[in-house]
Amino acid sequence: MALLEINDLCATVDGKEILKGINLSLDSGQVHAIMGPNGSGKSTLSYVLSGRAGYEVTGGEVLLDGKNLLEMDPEERACEGVFLGFQYPVEIPGVPGTTFLKTAVNAVRRYRGESEFDAMQFVKFVRAKAKEFNVSDDMLKRAVNSGFSGGEKKRNEILQMAVLEPRLAILDETDSGLDIDALKLVAAGVNAMRGPERAMLMITHYQRLLDYVVPDMVHVLFEGQIVKSGPKELALELEKEGYCQFFETAA
Amino acid sequence: MVANAETIEQVQSVTEKYKYGFVTDIEMDHAPKGLSEDIVRFISAKKDEPEWLLEWRLKAYRHWLTMPEPEWAKISHPPIDYQDSYYYAAPKSPDDAPKSLDEVDPKLLETYEKLGIPLKEQEMLAGVAVDAVFDSVSVATTYKKKLEEKGIIFCAISEAVQRCPELVQKYLGSVVPYADNKHSCLNSAVYTDGSFVYIPKGVRCPMELSTYFRINAENTGQFERTLIIADEGSYVSYLEGCTAPMRDENQLHAAVVELIALDDAEIKYSTVQNWYPGDENGKGGIYNFVTKRGACRGRNSKISWTQIETGSAITWKYPSCILEGDNSVGEFYSVAITNNMQQADTGTKMIHIGRNTSSTIISKGISAGRADQTYRGLVKIMPKASGARNYTQCDSLLIGDECGAHTVPYIESRNASAKVEHEATTAKISEDQMFYCLQRGISEEEAVALIVNGFCREVMQQLPMEFAVEAQKLIGISLEGSVG
């Protein structure tokens, strides 16, 4: 059974049809990349999968480990193992990073019937992870994403992923706004999270991230549909030729 | 039959009628319903008060009769029937008290659980008979010993009147004169009890004082009167209230708190208020009309007020500081939460009189449901207050689209060297923030609690440790049902 199965997924936003029949299958342990021009529906796909309000599913189904994902509330999906690395992580003033993470981790553990961390246990746990993923103690103490640089925000997303240990990680333009050094750090973090028990869907505009996080498959999303799929070389091809070929076909 | 001296004497000894100059039988446990000069005398007699105090009460009562209801606040309520209340009730007999938590309203216990209140404390709060709560009594006795060693007086104000009448007479009504406003006037006439604290020169009170440990206290009255005096160079931190929801059959609560800080002294006064707010339609909740004022009489003195107001159907209070002494400092940190149909008109007054005085105001208002809330503040710089500085920050957070938040800041400066800064923000909990939390597995209710606690952080950090943890939980509980 595939970890993630998307069949004929259609969705509208503000009455406009954005996803027009997505078909995709991801096995545990795999990393797939989704590329496409602006407006093709990449972010919409990530929001529909994570259950954001305002995105209406008009057809199709999504199965996570065989379970009907679309029926679940967003926090339920998170507890079932869906993680979204946001393109523009939002600030939550006054809420220290550690507090936020502890609330999230304990919510998931509660859902799974596991025992919750107390304050001391959690600090130990998160400090160890933070070290691994290049997040300073200071960043943990500061309010969530408050005053963080672009690179810090993205590294914080990866830390959260490491702490929550999801089944399915959807990374929405994780590389946007990063310089080369920041990109390398983030990529290292993503690679450290690759594993047989996990699948990743990387949504990206540019090919360069894929130099560091090598995908098993690349899909091209164009006007709400996946129009082409192929191995990692497809990304290089797109880099050279752009998306014109798809525009022409459409015309 | 003609009344002769003998008969009059006989009548007197039976009813004590003429001794106190009123009709009501002093042996009664309750004063009869209603308010009159008689009742004022009754209360004073029950407490065995000296003449000067009775006179003061009577002056207040007579003045109260002439005062109109204040109507300038942004709150609305049906007219208060002052006659429809008992102004004195003796403490409940131990026989009436619940024998154990099993006899207590389960809904109340549910709230105690949510707040994480330890079992022993729950028993105390629910009024379980004292002998069943042995530990608390012995802890309170240990406290008392420690305080006595330092010469600190911490007792019920009625006890203070007997123990140190000169102190009470000197300071009572010196910060909030009875004629200040209609509610403080009523309080002066009929207050039944409250705390009295005196910290001697140079003494730092070794522990936080709270009403919890003031044994021999009568029922928390609807008209509490508190007087705290910090002598030169002393320090005290006082906690009022508790996070557990408090019900009372009397609807009007008009407390008065007076603080006096002499040279180099500091008073830190923290309040967590969670009086019954009424049902979702606002019916039956408590009216909390409080007058709190601190006088920084001495040089380099400091008074700070920290309040977390989540309860009451209507909250009306402006803890204030009068900065008389040179270099004195006044602070006001407030979180006010209104949900369902609650109303709040709250804020502070900082009056700068001495030289080089400074004040800080941080007000966080959170409104949800169909509630309405106003921050009303006054920063007043008097002509001789050279070098005065004020920083005010009032932030409002709206949850949902049926609630209201208003800000009415007044600044009156009559000295050109004053520096007054004011910042204000109004926000809603953004959908982005909510979704970020949901996507991490955090439920809506937990997310609101998290975000609101973050919003209130600056104020929460001012609370003494014991209160801080419970207050955080209380904030979450107060906003239950506010989203979705």
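This is a predicted model: local features need pLDDT of at least 70, side-chain atom pairs count only at pLDDT 80 or more; totals for chains, interfaces and linings use all residues.
Local features are given only where pLDDT is at least 70, and side-chain atom pairs count only at pLDDT 80 or more, while totals for chains, interfaces and linings use all residues. Residues are numbered from 1 along each chain as its sequence is written, and chains are lettered from A and ligands numbered from 1 in the order in which they are written.

**View 1. Chain B as a whole.**
Chain B has 14 helices and 19 strands. Helices (H or I, at least four residues) and strands (E, at least two) are DSSP runs, numbered from the N terminus. Chain B has 484 residues, and 49% of them count as buried. A residue is buried if 20 or more other C-beta atoms lie within 10 Å of its own, exposed if 12 or fewer, and partly exposed in between; the C-beta atoms are placed from the backbone. Now take the contacts in chain B with a separation of 6 or more: 81% of them link residues 24 or more positions apart. Two residues are in contact if their C-beta atoms, placed from the backbone, lie within 7 Å.

Strand 9 covers residues 287-296 of chain B, and ten of its ten residues are buried. B:Y287, B:F289, B:T291, B:R293 and B:A295 point one way. B:N288, B:V290, B:K292, B:G294 and B:C296 point the other way. Which strands pair with strand 9 of chain B in the parallel sense over four bridges? They are strand 11 (residues 314-317) and strand 12 (residues 320-323) of chain B. Two strands pair if DSSP finds at least two bridges between them. B:N288 stands opposite B:T315 in strand 11, and B:A295 stands opposite B:I322 in strand 12. Strand 7 (residues 256-261) of chain B also runs parallel to strand 9, joined by six bridges. There, B:V256 stands opposite B:T291. Strand 6 (residues 252-253) of chain B pairs with strand 9 in the parallel sense over two bridges. B:H253 has B:N288 as its bridge partner.

**View 2. Where chain A touches chain B.**
Chain A gives 22 residues to the contact and chain B gives 16 residues. On the chain A side, helix 2 (74-80), strand 7 (92-96), helix 3 (97-111) and helix 6 (150-164) give two or more residues. The largest share, six residues, comes from helix 3 of chain A. By class, the chain A side has 16 nonpolar, four polar and two charged residues. Ala, Val, Leu, Ile, Met, Phe, Trp, Tyr, Cys and Pro count as nonpolar, Asp, Glu, Lys and Arg as charged, and the others, Gly among them, as polar.

**View 3. Helix 9 of chain A.**
Helix 9 spans residues 233-241 of chain A, and its buried residues are A:L234, A:A235 and A:L238. Why are they on the same side of helix 9 of chain A? They cover an arc of only 100° around the axis, where the arc is that of the directions from the helix axis to the C-beta atoms. The face turned away from the buried side carries the exposed residues A:E233 and A:K240. Strand 3 (31-35), helix 8 (209-212), strand 11 (217-222) and strand 12 (225-230) of chain A are among what covers the buried residues of helix 9. A:G242 follows helix 9 of chain A, and its phi is positive, near 75°.

**View 4. A six-strand sheet in chain A.**
This open sheet has six strands in the order 6-9-10-3-11-12, with mixed pairing. Strand 6 (82-85) and strand 12 of chain A stand at the edges, each with a single partner strand, so one side of each has no neighbour in the sheet. Strand 6 runs parallel to strand 9 (residues 168-172) of chain A, joined by four bridges. A:V82 stands opposite A:L168 in strand 9.

**View 5. A four-strand sheet in chain A.**
Four strands form an open sheet in the order 2-1-4-5, and the pairing is antiparallel. Strand 2 (16-26) and strand 5 (67-68) of chain A stand at the edges, each with a single partner strand. Strand 1 (residues 4-13) and strand 4 (residues 55-64) of chain A pair over eight bridges. The bridge partner of A:E5 in strand 4 is A:L63.
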